[in-house]
Amino acid sequence: MKVLRTKNLKKYYGSGENQVKALDGIDLEVERGEFVAIVGTSGSGKSTLLHMLGGLDRPTSGNVYVDDKDILTLKDDALCVFRRRKIGFVFQSYNLVPVLNVYENIVLPIELDGNTVDQGYMNQVIAALGLQEKRNSLPNELSGGQQQRVAIARALAAKPAILLADEPTGNLDSRTSQDVLGLLKVTGERFGQTIIMITHNEEIAQMADRIIRIEDGKIRKGGEVNA
């Protein structure tokens, strides 16, 4: 069952000779529970694509469907609510609130939405990511790998339809990167989570179920690989 698909997605900047085609007709389909890595060099369009998939930016033209809902038909306020409930984000920078402890950071999106925290589920997520003993710690008391695990737990907290990860190990050393990505893959499988990860790192991409390569705003012909 497809949880996400795009139709002829384009994002152009400027006009005439100065026009930049960041995305130039992207057609993409992702199955529920799939772990997909989108690989490309700097400037290839991969981060722009992630922003479109997450409703963080609007395209020049085209469609993005999440759970068969065309998110680009939503007005900004409705899109913000949809994004908070349906899409989890993990960025290269951890974006943790420094005055909140680990648990408070994890459940923050749920509380902002006015919902009740599913304690049983949260305990499972925290345990799966090895954060039980750090629940009451502040972000500045954690290593980079631990902070990124908190960011992953926060992204999973609202049980989103899709988790989008933008270079999630970019600030980590290679060993910690492997550990964090391994945990991301395990938690994704355990909780039936769909994961789309942007990376320029071929070794990291090999952990995904499928690799999609993007160049000059297009999916490279023959660039889809089942890892």
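**The largest nonpolar core**

In this predicted model, begin with the largest nonpolar core, which has 40 residues; select Ile106, Met122, Val125 and Leu163, the members that touch the most others. Next, colour the elements that each give two or more residues to this core: the helices α3 (102–112), α4 (119–128), α5 (144–157), α6 (174–190) and α7 (202–205), and the strands β3 (35–39), β7 (162–166) and β8 (194–199). Of these, α5 supplies the largest share, with 6 residues. In soluble globular proteins, nonpolar side chains tend to be buried together.

**Around Ile106**

Select Ile106 again and display what surrounds this residue. Beyond its neighbours within four places in sequence, Ile106 is in contact with Met122, Ile126, Leu131, Val150, Ala153, Arg154 and Ala157.

Is Ile211 buried or exposed? Select this residue in strand β9, which covers residues 210–215. Ile211 has a relative accessible area of 0% and is therefore buried, since the term applies to values under 20%.

Finally, move to the loop between α6 and β8 and select Gly192. Its relative accessible area is 49%, so Gly192 counts as partly exposed. Val3 is 189 residues away from Gly192 in sequence, yet the C-alpha atoms of the pair are 12 Å apart in space.

Technical notes: Residues are numbered from 1 along each chain as its sequence is written. This is a predicted model: local features need pLDDT of at least 70, side-chain atom pairs count only at pLDDT 80 or more; totals for chains, interfaces and linings use all residues. Side-chain values use heavy atoms; hydrogens and water are left out. Helices (H or I, at least four residues) and strands (E, at least two) are DSSP runs, numbered from the N terminus. Buried means under 20% relative accessible area, exposed over 50%, partly exposed in between (1.4 Å probe, protein chains only). A nonpolar core is a set of buried Ala, Val, Leu, Ile, Met, Phe, Trp, Tyr and Cys residues joined through side-chain atoms within 4.5 Å. Contact means heavy atoms within 4.5 Å.
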